[in-house]
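Please consider the following note on the aromatic side chains.

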Amino acid sequence: MARHLITSAIPYINGIKHLGNLVGSQLPADLFARYQRARGNEVLFLCATDEHGTPAELAAAKAGKPVAEYCADMHAIQARIAEGFRLSFDHFGRSSSPQNHALTQHFAGRLADAGLIREVSEKQVYSIADGRFLPDRYIEGTCPNCGYDRARGDQCENCTKQLDPTDLIDPRSAVSGSTDLEVRETKHLYLRQSALKEDLEAWIDTKTDWPVLTTSIAKKWLHDGDGLQDRGITRDLDWGIPVRRGNEDWPGMEGKVFYVWFDAPIEYIACAGEWAEAGGLDASAWERWWRTDKGAGDVRYTQFMGKDNVPFHTLSFPATILGSGEPWKMVDHLKSFNYLNYDGGQFSTSQGRGVFMDQALDILPPDYWRWWLLSHAPENSDAEFTWENFQVSVNKDLADVLGNFVSRITKFCRSKFSESVPAGGAWGETENALVADISARIQRYESCLENMEVRKSAQELRGIWASGNEYLQTVAPWSTFRSDPETAAMQTRLGLNLARLFGVLSSPFIPDASATIVSAMRAHSPAWPGDLTDFLTAMEPGHSFEVPEVLFAKITDEQREEWQQRFGGTTAS
Ligand SMILES: [Zn+2]
């Protein structure tokens, strides 16, 4: 039994994510986790919310809530939506957890002990009225370039010019509007990533099975310009993990917190601790996934993320781990995705453009979305959601091919035989050929899933359903029945067994429909198929079943038009 540690990039806390975010990490990670579990492997699948930093503070202020309360509420909402999409996390944690506090402080202490942290004095804008330092984006003023009066301290939204807060004319605090600002000196900690450059490069060079795109992105960051830069790991904020050196105070760092980029990936590890605690397990339960000196030597670790996150996962987080000098499990495989666009443009929260995760579940069950998103995953290039394409895909693949097959064979059997598998007849050439064909397809399906080729695996699965449909169409037991009921019984028996096979094979993609089929076949938690002949004769004559409810309703043109209108955003006609 293989052991798979699987993490999805952790979504930021400030709001509900859109379908592009879902297919960019969580959903394909779930596909992989479900597949590995179905193959009988041991899986620990983790995800969490990323809760610290300035945007969380701003969103909480906008919502009129204390930031801790805001994060707790949003975490509960994101967790409920994840459940709605059947994302099978073993734990959905929080980067604000006590485990992450302790571990982040631990890593910082180890890095300091190794001489990999340096202190830097910086000048930063302090708001006397607010009693705090202001991050660049908390300062507003008039753009010196275009005169826009609400430019932010890091960038002018109007002319896109990169700015320093001191460039702004009439700067004011975005928190209170106060203009009582001054520049003060403040001290911050920097991670000496430049000192880890060679270690990182040597580690990346061992990853010969990574896609060239991934390694080339990492190498570009290592070498471009002056090479990998040291990076600040602390901020003058209230909300976050207090800066401590392991268990001890860090003189000069009082009142400061770790920068969110530093603590967020450490949550991948901390989340395993949260998982153990939630299950009443001790530390050894999670350490055997994460510490190579405590049992994680045989773990295969796969990370899923959007392409913009690749440098972070190939350099920043590994720098933290390598720098600690401790035997933490490092990533074996990285699966990254391009972007999903929405109907000729981008998803936009501010314009209400595109389908967000909660809205999607309001209008259709999760399997419809899972199927479309995974079968159109933006793997090799960006992909685009259109309602026409969605309608065609759901109606053809799910309703006409899979749904129709299951409905047709179960209803036919009920009407001509009974609600149990009929006896009589024996397989002939056609059946043997079908089994050989489907066997070959299953092998390809498995290999695609193993290699995380998401789109291709969907194609293979659809091909397997289609083979069953073609078989039924060709042998037509409803015609055979009139002249040769024995043969019709054999064909029907095979058809029912195929329905059960489709139920099992489809479970990583469409878990609800899969469970409905398997339960209608009264097949109790059947294992993944080994020998296909055995599998397709497992439901013997006399085995009872029931006709399931309609598995997939077709999307009508009226529905499609209504949704097109509703989710088109304020800029759509
Ligand atoms: Zn401007």
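1. A residue is called buried under 20% relative accessible area, exposed over 50%, and partly exposed in between (1.4 Å probe, protein chains only). Phe-481, at 23% relative accessibility, therefore counts as partly exposed. Phe-417 is also partly exposed, its relative accessible area being 27%.

2. The model is predicted: local features need pLDDT of at least 70, side-chain atom pairs count only at pLDDT 80 or more, and totals for chains, interfaces and linings use all residues. Residues are numbered from 1 along each chain as its sequence is written, and side-chain values use heavy atoms, with hydrogens and water left out.

3. Rings of Phe, Tyr and Trp (its six-membered ring) pair if their centres lie within 6.5 Å; planes under 30 degrees apart count as stacked, over 60 as edge-to-face and the rest as tilted. This rule gives 34 aromatic pairs. One of them joins Tyr-126 and Phe-133, edge-to-face, at 5.1 Å centre to centre with 80° between the planes. Tyr-126 and Phe-133 are both buried.

4. Why is the pair of Phe-417 and Phe-481 edge-to-face? The planes of Phe-417 and Phe-481 stand at 90°, with the ring centres 5.4 Å apart, so the pair is edge-to-face.

5. One aromatic cluster is formed by Tyr-342, Phe-347, Trp-369, Trp-372, Phe-385, Trp-387, Phe-390, Trp-563 and Phe-567.

6. A charge sits over a ring if NZ of Lys or CZ of Arg is within 6 Å of the ring centre and within 35 degrees of the ring normal. Arg-235 lies over the face of Tyr-259, 4.3 Å from the ring centre. The charged end of Arg-245 is placed over the ring of Trp-250, at 5.6 Å from its centre.
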